[in-house]
Amino acid sequence: MKFTTKKFIAVALCSAVIACQGIYAAPVFAGNAEMIQEMQTSSIPAGNAYIPKGTALAVELTKELSSKKAKVGDAVPLKLVENLIVNDIVVIPAGTEVKGVVTESRKAGGFGRGGKLEISIVSVKTLNGVEIPLEYTKKQHGAGDGGAVAVAAAVTLVGGIFMKGKNVVLNEGLQFDAEVTNDTDLKVSLENLKEEMDASKPHGVSISIK
């Protein structure tokens, strides 16, 4: 096949156009892909207020908790230490009850066996009743009783039973961080956030009786 001058010029022009498209089109395509991915991964309606995943909240124990008395499933007495504020508007006031639960508990036993206590922080509610999922697990193991386990081998079984380990005690006022586990929609637009989070406005299940 023979190339004429006109065909050669036409081929050259097409190659130049394709090269230019390769240079300039790629960034546009990449940007579109990122935008599409962001739209697919975001579950928050456009314009709505939300609490971002990873937001750290300071939480405080309001009552002493001990492996001696705590049982699996018991509620853990917790409260929020500081206000959670979105766009200068308080959505969860300091002092709000935080839901927590005892997930594992074992009191100290004989032969110097220490107690064991595990708690999980579950969630906290906003002023408009939206439950914010939280995540934090604190494990504590009680200390043994100064080598009682080693000594037990040289004493009678009955004697060993009285060598008690120590229970785990979490003192009132203990503070630690919890993190929001997912982007959480506050079910209200940013425009109406202030009105919706009005602390004087009653929130909850509304029943109308005639």
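Hi everyone. Strands here are DSSP runs of E with at least two residues, helices are runs of H or I with at least four residues, and both are numbered from the N terminus. With that in hand, here is a first stop: K187 sits in strand 13, which covers residues 184-189.

Before going on, a word on where this comes from. This is a predicted model, in which local features need pLDDT of at least 70 and side-chain atom pairs count only at pLDDT 80 or more, while totals for chains, interfaces and linings use all residues. Residues are numbered from 1 along each chain as its sequence is written, and side-chain values use heavy atoms, with hydrogens and water left out.

Now the overall picture. The protein chain has four helices and 13 strands. Of its 210 residues, 29% count as buried, where buried means under 20% relative accessible area, exposed means over 50%, and partly exposed is in between, using a 1.4 Å probe and protein chains only. The accessible surface of the chain is about 14100 Å², with 57% of that belonging to carbon and sulfur atoms; these areas come from the Shrake-Rupley method with a 1.4 Å probe, and for residues only the protein chains shown count as cover. Contact, for us, means heavy atoms within 4.5 Å. Among contacts with a separation of 6 or more, 66% are between residues 24 or more positions apart.

Back to K187. Its phi is near 60°, a positive value in a residue other than glycine. Is K187 buried or exposed? K187 counts as exposed because its relative accessibility is 62%. N87 also has a positive phi, about 50°, and is not a glycine. You'll find N87 in the loop between strand 5 (84-86) and strand 6 (89-92). With 54% relative accessibility, N87 counts as exposed.

Next, the aromatic rings. Rings of Phe, Tyr and Trp (its six-membered ring) pair if their centres lie within 6.5 Å; planes under 30 degrees apart are stacked, over 60 edge-to-face, and the rest tilted. How many aromatic pairs does that rule give? The count is one. The partners are Y136 and F176, stacked at 5.1 Å centre to centre with 10° between the planes. This pair links distant parts of the chain, 40 residues apart: Y136 is in the loop between strand 9 (131-135) and strand 10 (137-141), and F176 is in strand 12 (residues 175-180). Y136 is partly exposed, at 25% relative accessibility, whereas F176 is buried, at 8%.

On to K99, in strand 7 (residues 97-106). At 44% relative accessibility, K99 is partly exposed. Which residues does K99 touch, apart from neighbours within four places in sequence? The answer is I121, V122, S123 and E131.

Finally, let's look at A75, in the loop between strand 3 (65-66) and strand 4 (78-80). A75 counts as exposed, since its relative accessibility is 63%. A75 and V101 are 26 residues apart in sequence, yet 4.6 Å apart C-alpha to C-alpha. A75 is also one of the residues lining the largest pocket, along with others including K63, E64 and P77.

Key: On a 1 Å grid over the protein atoms alone, a cavity is a set of points where a 1.4 Å probe fits but cannot get out, and a pocket is an open set with protein on both sides within 12 Å along at least five of seven lines; lining residues have an atom within 4 Å of a point.
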